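Trainee: Could you take me slowly through a single part of this model? I would like to see how one piece sits among its neighbours.

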Amino acid sequence: MAHLIWTHDLDTGIDVIDHQHRQIMDFINHLHDATAGGDRTAIGGIIDGLVDYTLSHFAFEETLMEDSGYEFFRPHKKVHDIFVRRVAEMQTRFKDGENVTDELHRLLSRWLFSHIRSEDAAFARSAKKNMPDQAYATKETTGWFSRAIGRFFGRG
């Protein structure tokens, strides 16, 4: 296993989504470090944090897709659901005492970059095409994107 490195081809152009993807990558790198250190308690905490963060990221991303009228929302959500089930299964296997860290790291590494480059990139392109006047940076305070953030985080 090796540390993952963010490259610009992974940027979707939607700042908050890119930041969340980087956070997921950081979790994967922390998993690598904890595995190398052999600290089962730390590994368990990282897996739990990764699962929780990924679930919240997916919910946020799905909110944006739904609000923007993304035509492939349902298939994209289905991909998220399948991924969540696979990781939850590995989380259970880990809690049952099985060493799944290498398998989990491989799955997460392949899936994250592949998913960003295909499904998430398609969503971002569609959102920008269908809503060209909207702001996607987190610093913006008006428009569809800010309303979606507010709705998701309870500020809208």
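**A close look at helix α3**

Mentor: Happy to! Helix α3 spans residues 73-95, and its 23 residues reach 33 Å from the first C-alpha to the last, close to the 33 Å expected at 1.5 Å a residue. Helices here are DSSP runs (H or I, at least four residues), numbered from the N terminus, and the expected span is 1.5 Å times one less than the number of residues. This is a predicted model, where local features need pLDDT of at least 70 and side-chain atom pairs count only at pLDDT 80 or more, while totals for chains, interfaces and linings use all residues. Residues are numbered from 1 along each chain as its sequence is written, and side-chain values use heavy atoms, leaving out hydrogens and water.

Now look inward. Among the buried residues of α3 are Phe73, His76, His80, Phe83 and Val87; buried means under 20% relative accessible area, exposed over 50%, and partly exposed in between (1.4 Å probe, protein chains only).

Next come the salt bridges, each a side-chain nitrogen of Lys or Arg within 4 Å of a carboxyl oxygen of Asp or Glu. Lys95 pairs with Asp48, their closest N and O atoms being 3.6 Å apart. Asp48 lies in helix α2 and Lys95 in helix α3, so this pair ties together parts 47 residues apart in sequence. Lys95 is exposed, at 57% relative accessible area, whereas Asp48 is partly exposed at 28%. Arg93 forms a salt bridge with Glu103, with 2.7 Å between the closest N and O atoms. That pair links helix α3 to helix α4.

Conventions
Helix = DSSP H or I, 4+ residues; strand = E, 2+ residues; numbered from the N terminus.
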